[in-house]
Amino acid sequence: MSLTTNPAPRCAISYPGLFALILGFCLSVGAHTAVALSAADARSTFELTHGAIYQIRVIDIAANNKSSTGSGFVIDSNGLIATNYHVVSNAVNTPGKYRIELLQNDESRVYIATVENVDVVNDLALLHVPELQGPVLPLAGAAVAQGDTAYAIGYPYDLGITVVPGTYNGLAPHSASDRVHFTGSLNPGMSGGPAFNNQGEVIGVNVASAGNQVSFLIPVQRLQSLYAGTSMGQQRDLKDTMRQQLVDNSARMIEQMLDGNWQLLPLGGAKALDEITGFLRCWGDSKNQQEQSDSKPFWAQRSCQTDHNIFVSPSLTTGKIELQFYWLESAELNSAQFYEHYEQIFSRFVPGNSGREEDLGRWACEDAFVNPAAEVTKAVFCARGYDAMPGLYDVLFLQGSVSRAQEAHIIHFTLAGTTRELAQKFTQRFIETGAW
Amino acid sequence: MGLIIEVTGDTRTTRLENFRSVASGLLSIGRARDNDLILDDPYVDPYHGQIIFGETGTWLYQDLGSENGSKRGKESVNDCALASTDVLTLGKTRLQFFDPSHQVAPALSLHNSRQRLMSFNTWSTSGALLVGAILTLALNIYLNYTGEKLDAGLLMGIFLGAFSLPLIISAAWSLLAKVLCGRSHFLSIVNVALLALIVLELYQYPFIGLAYNFPAIDRGFLGVLLNLLVFGLYLYATLLICTRLKEHTNKLIAGLVPVVIFCAYLVIQISTADEHNNAPNYNGRLLAPVVLLRSGETPDEFIQRLPGIFDDADELID
């Protein structure tokens, strides 16, 4: 299984000269001392823990061979194994087609596991192997400080068990759900493996990488709450559990946004919302110099979104929140020409998440002229339901001014994986704040 | 006593020969210059055949042993009696025989629709229509211009592209008319096509304006229906000019073809409507504020529509 949830590295500005300089410096000076020190710690951590770390293979039953792999580790003497939800998502979504097998480096014994519980929002799963014997890994209670060395262990690319030393860099500050920023190379196949502090306690679960040593762990607290909420042997409808988790998560995020900062900041000739709350990051852009030689309208836009989608299945992602504000004006085009251009922009909005026909219903849309204050606007509201998760919807809202001859302002949001009540509440607030 | 012969040559040109009385009681037919009826057809013998007038006003045709023979209707004949309206074919020339008392149809009105369309063929009309078509196309380009860089070559390309298709189609109709009726009627056909082009360009403005104000009628199929209506009228006019089909046949074709196209369009629309698409298909039409004649609803009224949209979304889960 590859590390699927790569947060898109947006706006990755690099300075090649500077980068080469720093890299050269690190390699030449740090090579002897730092590596020598961490090698000793990495070795002891590995020796202490590797007996409790397994490779997880999701086996296609008909083909009788593995279709994807990941890592996992024992957290309970009853045979509970922690891993990422995305490692075993196929077995959760189509249980008849896949089974889950666990094995260690020597491949001497194969265990068959069942999925006990999942946390789809935080990308965690607990597997159960009743007959599993052996060491149990302790979960860290105390916090780690930024700069502490951490060790991630897993089975990258089916290459056997591997230790990766790295640096703990605290929680990623603007993430939609808590993520530890780990500086070290996580690779496909290591998903679900543990990361340790230098006492050999689990501080997180390997989950994703954004390249260049930028990797992410799920903090151990998330695993602890999932573990605490899992009573063994209880029959669970995992689909419904996931549905409820998505609803709760959407409620958490939307409530947090509603409590946020709804102050309007200038955008072109209009005013628009900015970073309402911590997990929404905004980026801005406007018509560039090259384009300015033609007579196309001037535009400026602000686009705010969460940093990652929630992985439900290889074809379905959800949980994305996007806000977008678009300002358009033209002195050179007449009103008819300006609106022709404006219509092209207004007609092309799409949601930030996607799924197949099997996962999602079709869009239902309605449009109307709406008069907030003295302005006339055209408003569009679209919703689509989820096939297997009743009560969950993706929502797209769009509103654009239509009463000014040569300028326009569009406001837009998408909420993926939300409920009727939350969407309605948010829409109301969004329209009221307006910026008209 | 007397005989009128309609002679139709290989080139479909027709002439009428009137023989009021033939003193000898014998009418000779052939390519030789001393025949009574000279047929300029290389497949006709110099002395091909003759008609003998009987005492009682009967006509008897006799073939004189010609190379290619003679046919009455579809049967080969050597000697046969002829009646009024009978047709003989000698070589490639068709002869139809009429008694002077033969009844002809009353005069056609110069104001029937076919005649009117065919007389829609003056150069001044063409010029006016061409100017009109260029102006409507220019208006269209002007209104749809959104600030791209323009050059003469691009504009020329757009105009040539817009006019070459109607011209080619008109030429094809014209060829058909030449084959079927012997005349090409090219100018009338081109003029009708230009007129249809202008109507197509112009009707959309009021329609789009209306649709913008009343989103309930802003449906793709209405626009297609209007386009096909114009196409049907064009087809009817062109069929009238180019063919000699009966009027109701023309009407049937002109009505059926657009209906069939519309049905095919609907089938495609309905079959693709169920297709999953990540991009929502909403009505994003926006027009200049001067076109917007109505006022909107309050934000609260809009919020009250949302539950209905969610109910629709529930219906669309399959």
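Hi everyone, let's start with the cysteines: in chain A the disulfides follow the pattern 1-2, 3-4, counting bonded cysteines along the chain. Keep in mind that this is a predicted model. Over all chains, the count comes to 2 disulfides.

One of them joins A:C282 to A:C304, with S to S at 2.0 Å. Here A:C282 sits in strand β15 and A:C304 in strand β16, 22 residues apart, so to speak a link between distant parts of the chain. Both A:C282 and A:C304 are buried, and their link is right-handed, with 100 degrees about the S-S bond.

The other pair is A:C365 and A:C382, with sulfur atoms 2.1 Å apart. Its torsion about the S-S bond is about 110 degrees, so this disulfide is right-handed too. A:C365 is partly exposed at 26% relative accessible area, while A:C382 is buried at 0%.

Now over to chain B. B:C181 is buried at 13% relative accessible area, and B:C242 is buried at 0%.

Next, the barrel. In chain A, 6 strands close up in the order β7-β8-β9-β12-β11-β10, with antiparallel pairing. Neighbouring strands are turned by 45 degrees on average, direction ignored. Helix α3 of chain A packs on this sheet, touching β11 and β12.

Last, a contact between chains: the axes of α5(A) and α2(B) come within 7 Å and cross at roughly 65 degrees. There, A:A336, A:Q337 and A:E340 meet B:Y142, B:L143 and B:N144. Thanks, all!

Note on methods: Residues numbered from 1 in each chain as written. Chains lettered and ligands numbered in written order. Predicted model: local features only at pLDDT ≥ 70, side-chain atom pairs only at ≥ 80, totals over all residues. Heavy atoms only, no water. Axes fitted to C-alpha atoms, helices over the stretch in contact; angles between N-to-C directions. Helix = DSSP H or I, 4+ residues; strand = E, 2+ residues; numbered from the N terminus. Contact = heavy atoms within 4.5 Å. Pairing = 2+ DSSP bridges. Disulfide = S-S within 2.5 Å. Buried < 20%, exposed > 50% of the residue type's maximum accessible area, 1.4 Å probe, protein only.
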